[in-house]
Amino acid sequence: MLLTGLAILTIKYLGDARPPADANQNPKGRMMTRVSSIAVNLMVMVLLVACATTGPGGEKSVILLSEEQEKSIGRQVAQEVESQENILQDSLWQSYLTEVGEKIVAVCDRPDLGYRFRVIASDQVNAFAAPGGFIYFYTGILDMMDTEAELAAVMAHEISHVVARHSVKTLQAAYGGIILINLALGKESQELAGQVAGTVLNLALTGYGRSNELQADEYGVHYMVKAGYNPNATVDMFTKLAEASGDQGDRGFFENLTASHPETQERIRKIEAQIAAMDENVQNLPIYPDRYRAMKRRLE
Ligand SMILES: [Zn+2]
């Protein structure tokens, strides 16, 4: 993608270059200087944004979108979501969700992004994360939970999608060359954000694909333990979601994954193996059922 971007850009600038005002200068040479300085600028810029943290243990990936561009896309998605959905009018729930979210954020590998958490009043059994740290939970999924640790489990999974920049990576795969050219031409991020917001929202709502989901599961378990929650809540929650989605035919669990039954079982098995390999003290971490029960009553 990087090479394609550079090639297209070079052709574009060759075509645009005007003859120099100073006739003493070699026009071709000047043009080439301009082209190569643009190429150098582009490469410097790519290097600046390229290596970003995308997971625990110093995990890094090539990321072409700046954090500000990612946030700009996220803001457009958030605007879209909040104009279409009913935000739950309960400030206690909004602050409770934020409190649990911030506990995970504090221990994650992208803690300074400036996250925002919102509850949507809807029976849908779903939760999702838009790029830039905009995180949504439907009351439908909150209603299925019995402990704060179960909320933390889904929260940690969603925050992991943001940490791993799954939506950004998917966008790069789809729009790689265009993103590079827009960056190099200094196009407004708002414009770029507008072009891709629809794609991103769809992605966030439907899930990021099998391997990204498995990665979000793995990071999620890691983060929730770091935040002091019992990781077995992930198994409890995923089992409940898998059973509930079984009743709805081929609709899978959250982010409306169209995961087939064996895939769901595979996710649960992997999480169980990950927990089994952890220090046995994690088994003693709390799940906070009382705190959650009090909040759940407010949804009735
Ligand atoms: Zn997911």
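Angles under 35 degrees count as roughly parallel, over 145 as roughly antiparallel, 65 to 115 as roughly perpendicular and the rest as oblique. Axes are lines fitted to C-alpha atoms, for helices over the stretch in contact, and angles run from 0 to 180 degrees between N-to-C directions. The model is predicted: local features need pLDDT of at least 70, side-chain atom pairs count only at pLDDT 80 or more, and totals for chains, interfaces and linings use all residues. Residues are numbered from 1 along each chain as its sequence is written.

The chain holds 12 helices and 5 strands. These elements are DSSP runs numbered from the N terminus (helices, H or I, at least four residues; strands, E, at least two). Of the 300 residues in the chain, 39% are buried. A residue is buried if 20 or more other C-beta atoms lie within 10 Å of its own, exposed if 12 or fewer, and partly exposed in between; C-beta atoms are placed from the backbone. Contacts were also examined by sequence separation. Two residues are in contact if their C-beta atoms, placed from the backbone, lie within 7 Å. Among contacts between residues at least 6 apart in sequence, 73% join residues at least 24 apart.

An open sheet is formed by 3 strands in the order β3-β5-β4, with mixed pairing. Its edge strands, β3 (116-120) and β4 (127-130), each pair on one side only. From one strand to the next, the twist averages 20°. Strands of a sheet pair through backbone hydrogen bonds, either parallel or antiparallel. Here, two strands pair if DSSP finds at least two bridges between them. β3 and β5 (residues 134-138) run parallel and are joined by 5 bridges. In this pair, isoleucine 120 stands opposite tyrosine 138. β4 and β5 pair in the antiparallel sense over 4 bridges. There, alanine 127 stands opposite phenylalanine 137 of β5. The hairpin of β4 and β5 has 3 residues between the strands, and glycine 132 takes a positive phi near 85° in this hairpin.

β4 is covered on both faces. Ala127 and Ala129 are buried on one side, and Phe128 and Ala130 are buried on the other. Helix α3 (residues 67-84) lies across β4 and β5, running at about 25° to β5. Helix α6 (residues 148-163) also lies across β4 and β5. Its angle to β4 is about 25°.

α6 packs against helix α9 (residues 210-226) at an angle of about 120°, with the axes 7 Å apart. The two helices are therefore oblique to each other. The crossing of α6 and α9 is right-handed. A crossing is left-handed if the near helix is turned anticlockwise from the far one by less than a right angle, and right-handed if clockwise. In α6, residues including Ala152, Ala156, Ile159 and Val163 take part in the contact. The α9 side includes Ala216, Tyr219, Tyr223 and Met224. The contact residues divide into 9 nonpolar, 4 polar and 1 charged. Ala, Val, Leu, Ile, Met, Phe, Trp, Tyr, Cys and Pro count as nonpolar, Asp, Glu, Lys and Arg as charged, and the others, Gly among them, as polar.

Two loop residues other than glycine were also examined. Arginine 165 has a positive phi near 50°. Arginine 165 is found in the loop between α6 and α7 (166-184). Arginine 165 counts as buried because 23 C-beta neighbours lie inside 10 Å. Tyrosine 288 has a positive phi of about 50°. Tyrosine 288 lies in the loop between α11 (261-276) and α12 (289-297). With 18 other C-beta atoms within 10 Å, tyrosine 288 is partly exposed.
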